[in-house]
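Reader: Hey, can we go through this model together? I'd like to know how to read it.
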Amino acid sequence: MEASHPSAPHILVVDDETDICLALSDLFGSEGYQVDAVETGSEALRRVSPAHPYSAVILDLGLPDMDGLTVLQRLHVQDETLPVIILTAHGDQKEKLATLRHHAFAHLMKPYNRREVLAMVRRAVEVKTLNVK
């Protein structure tokens, strides 16, 4: 799902649950963000490129084709200024620390609070904007 605001920040949602992709796309779209949603890590890695920049990524760790931590690491290699927010139903303190050590912008748990996720995305977009200038 893609919104049609060419100058709006562009968010990528990566989650294998279609309902989560739709809910987050609706949430961010209603706030004026452009949103793309994909269900695999490999598709996320294909989408992120200098020609197709994103302001932030929402990333689930439990993906069907590859480990979310691997996706996080590869996204960081592709664009070290790209804020990646982990949003997962799995994990303990050890996993949370691992994601943060591998450059996650934040680590949030499902079920998520809409206001918390939106506030974190706003912060991430601000940080990305500062890093681009």
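Reader: Is aspartate 36 buried or exposed?
Author: Aspartate 36 is buried, with a relative accessible area of 1%. Buried means under 20% relative accessible area, exposed means over 50%, and partly exposed is in between (1.4 Å probe, protein chains only).

Reader: Before we go on, what kind of model is this?
Author: This is a predicted model: local features need pLDDT of at least 70, side-chain atom pairs count only at pLDDT 80 or more, and totals for chains, interfaces and linings use all residues. Residues are numbered from 1 along each chain as its sequence is written, and side-chain values use heavy atoms, with hydrogens and water left out.

Reader: What's the average pLDDT of the protein chain?
Author: The average is 91, and 95% of the residues score at least 70. pLDDT is the predictor's confidence in each residue, from 0 to 100. Over residues 1–5 the pLDDT is below 50. Where pLDDT is low, the predicted coordinates should not be read in detail.

Reader: OK, back to aspartate 36. Which strand is it in?
Author: Aspartate 36 sits in strand S2. Strands (E, at least two residues) and helices (H or I, at least four) are DSSP runs, numbered from the N terminus.

Reader: Which side chains make polar contacts with the side chain of aspartate 36?
Author: One is histidine 10, at 3.0 Å, and another is tyrosine 54, at 2.5 Å. A polar contact is a pair of N or O atoms within 3.5 Å; within protein, one must be able to donate a hydrogen and the other to accept it, and residues adjacent in sequence count only if both atoms are side-chain atoms.

Reader: And which residue meets aspartate 36 in a salt bridge?
Author: That's arginine 47, with 3.5 Å from N to O. Aspartate 36 lies in strand S2 and arginine 47 in helix H2 (residues 41–47), so the pair ties together parts that are eleven residues apart in sequence. Arginine 47 is partly exposed, at 25% relative accessible area. For a salt bridge, a side-chain nitrogen of Lys or Arg has to be within 4 Å of a carboxyl oxygen of Asp or Glu.

Reader: How many salt bridges are there in the whole structure?
Author: Eight. Among them is the one between glutamate 31 and arginine 122, at 2.9 Å from N to O. Glutamate 31 is in the loop between H1 and strand S2 (34–38) while arginine 122 is in helix H5, so this pair links parts 91 residues apart in sequence.

Reader: What about the salt bridge of arginine 46?
Author: Arginine 46 pairs with glutamate 43, and their closest N and O atoms are 2.9 Å apart. They are three residues apart in helix H2, so about one helical turn separates them. Arginine 46 is exposed at 57% relative accessibility, whereas glutamate 43 is partly exposed at 21%.

Reader: New topic! Which residues touch the most other members in the largest nonpolar core?
Author: Ile11, Leu24, Phe28, Ile58 and Val121 do, out of 21 residues in that core. Helix H5 gives the most, with six residues. A nonpolar core is a set of buried Ala, Val, Leu, Ile, Met, Phe, Trp, Tyr and Cys residues joined through side-chain atoms within 4.5 Å.

Reader: What is isoleucine 11 in contact with?
Author: Leaving aside neighbours within four places in sequence, its contacts include Phe28, Tyr54, Ile58 and Val121, and aspartate 36 is also one of them. Contact means heavy atoms within 4.5 Å.
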